[in-house]
Amino acid sequence: MAGNEEVVDKKIRSTVSSCEAYFDKVQSRKNLPKSLQETLNSAFAGIPVSSFPQVPGGRVIEIPAETPVSEAVKILSDSKILSAPVINTDHETSLDWRDRYLGIIDYSSIILWVLESAELAAIALSATSATAAGVGAGAVGALGVAALGVTGPVAAAGLAAAAVGAAVAGGVVADRGVGKDAPTAADKLGKDFYQVILQEEPFKSTTVRTILKSFRWAPFLPVSTESSMLSVMLLLSKYRLRNVPVIKAGEPDIKNYITQSAVVQGLEGCKGRDWFDHISALPIADLGLPFMSPSEVVSIESEELILEAFKRMRDNNIGGLPVIEGPNKKIVGNISMRDIRYLLLQPELFSNFRQLTVKSLATKIATSGEEYGLAVPAITCRPDSTLGNVINSLASRSVHRVYVADGDENELYGVITLRDVISCFVSEPPNYFENCLGFSVKEMLNR
């Protein structure tokens, strides 16, 4: 137990260090007068969270922890949202958010689990039915880890090898033949493969609770209705939260759900105010943007596999990648975690995910019509663009990142994210969270 606590503590220290390094870079490069930054902090500290616009419909969608994965996909899709808080069904009536909520589930968690579970199923399919049904959990688990280069998620998902083998041997293998290598077996499953993943055991019984344990990217940390927007903006920027739930003391339900996108759209609405007009008129270079050098931007070649794109996003804890071509890294598109819904909603695409290239998926999405929506192309700006132009692109197009393109060939120069934009407007006063919210960063990240 002590060893596990040491590992967790080390990970927390690493996360805190990364957040601090990022924010230090922002503060050293954005070059705003100290008096202006203090004025901004004071203004945001005076805006109560309760004044922030409510989510569409006025009700935050919540998903019980015991909800099957397939049902969670449907809830997110029908509600047109990418993430939702997860209720701990063991403490559903608790008024303490620490007991009532387990975290936040999103499409990225689901797709990563599905893809890794699919890999495990493919490995089981590569054996004879007798072997598949009887192989030990450790053996197949090890193969699954070796195939994907990851640790933990497959085992954590509760996909015991015996159960996988039994499901496979009970029908799919008999129909498709045995003794094939894993890739070939997976490739030829067609629509039945999709059925194995979400409609058959053990996949069908896997719950949101299980996935949440393996793929939680960020801590679940709400603020109270009495908190200020400065707290929310610091959590969304420095501490890299994608969304901040809002609660009211003594009441069980989440009152609001503030995302990075919503805050940037709120900033866009501040046009005409002196402070906003002053900052937004500055060229992005004057604010130190982009914060990452071209070599630091994680990208994907258009002919690489979509599976590699999702792995790269997972490994780097990011939600999207520029699609590039050629030695000069010409920007030709964008692939994001939003695009995973097309894989989950179209079995004919999912069944071929092992061969599906980034370009092929983008083309398929763009021609899918209204049923699935249209792919979002790469939104770009130039190195001499103003911050206001970037904010307008992010807010009006509802995207999470704008790529900075240079030269006549749209060469990848950098990326500006929602987080980066919010960071330009705030700085963290000394011991802010300990003094204002009563917790330390370490405690926050250990949730």
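Biologist: What should I know about the model and its numbering before I start?

Modeller: The model is predicted, so local features need pLDDT of at least 70 and side-chain atom pairs count only at pLDDT 80 or more, while totals for chains, interfaces and linings use all residues. Residues are numbered from 1 along each chain as its sequence is written, and side-chain values use heavy atoms, with hydrogens and water left out.

Biologist: How many helices and strands does the chain have?

Modeller: Helices (H or I, at least four residues) and strands (E, at least two) are DSSP runs, numbered from the N terminus. In this chain they come to 23 helices and 12 strands.

Biologist: What percentage of the residues count as buried?

Modeller: Buried means under 20% relative accessible area, exposed means over 50%, and partly exposed lies in between, with a 1.4 Å probe and protein chains only. Of the 447 residues in the chain, 49% count as buried, and in strand β8 (residues 320–325) 5 of the 6 residues are buried.

Biologist: Which strands pair with β8, and in which sense?

Modeller: Strands of a sheet pair through backbone hydrogen bonds, either parallel or antiparallel. Two strands are taken to pair if DSSP finds at least two bridges between them. Strand β7 (residues 300–301) pairs with β8 in the parallel sense over 2 bridges, and Ile-300 stands opposite Val-323 in β8. With strand β9 (residues 330–336), β8 pairs in the antiparallel sense over 6 bridges, where Ile-324 has Ile-331 in β9 as its bridge partner. Strands β8 and β9 also form a hairpin with 4 residues between them, and Gly-326 in the turn has a positive phi of about 80°.

Biologist: In what order do the strands of the sheet with β5 lie?

Modeller: That open sheet has 3 strands in the order β4-β5-β6, with mixed pairing. Strands β4 (223–224) and β6 (256–259) stand at the edges, each with a single partner strand, so one side of each is left without a neighbour in the sheet. Strand β5 (residues 243–247) pairs with β6 in the antiparallel sense over 4 bridges, and Pro-245 stands opposite Tyr-257 in β6.

Biologist: At what angle do the axes of α14 and α20 cross?

Modeller: Axes are lines fitted to C-alpha atoms, for helices over the stretch in contact, and angles run from 0 to 180 degrees between N-to-C directions. The axes of helix α14 (residues 260–268) and helix α20 (residues 387–397) come within 9 Å and cross at roughly 125°. Angles under 35 degrees count as roughly parallel, over 145 as roughly antiparallel, 65 to 115 as roughly perpendicular and the rest as oblique, and α14 and α20 are therefore oblique to each other.

Biologist: Which residues of α14 and α20 meet?

Modeller: Contact means heavy atoms within 4.5 Å. Val-264, Gln-265 and Glu-268 in α14 meet Ile-391, Asn-392, Leu-394 and Ala-395 in α20.
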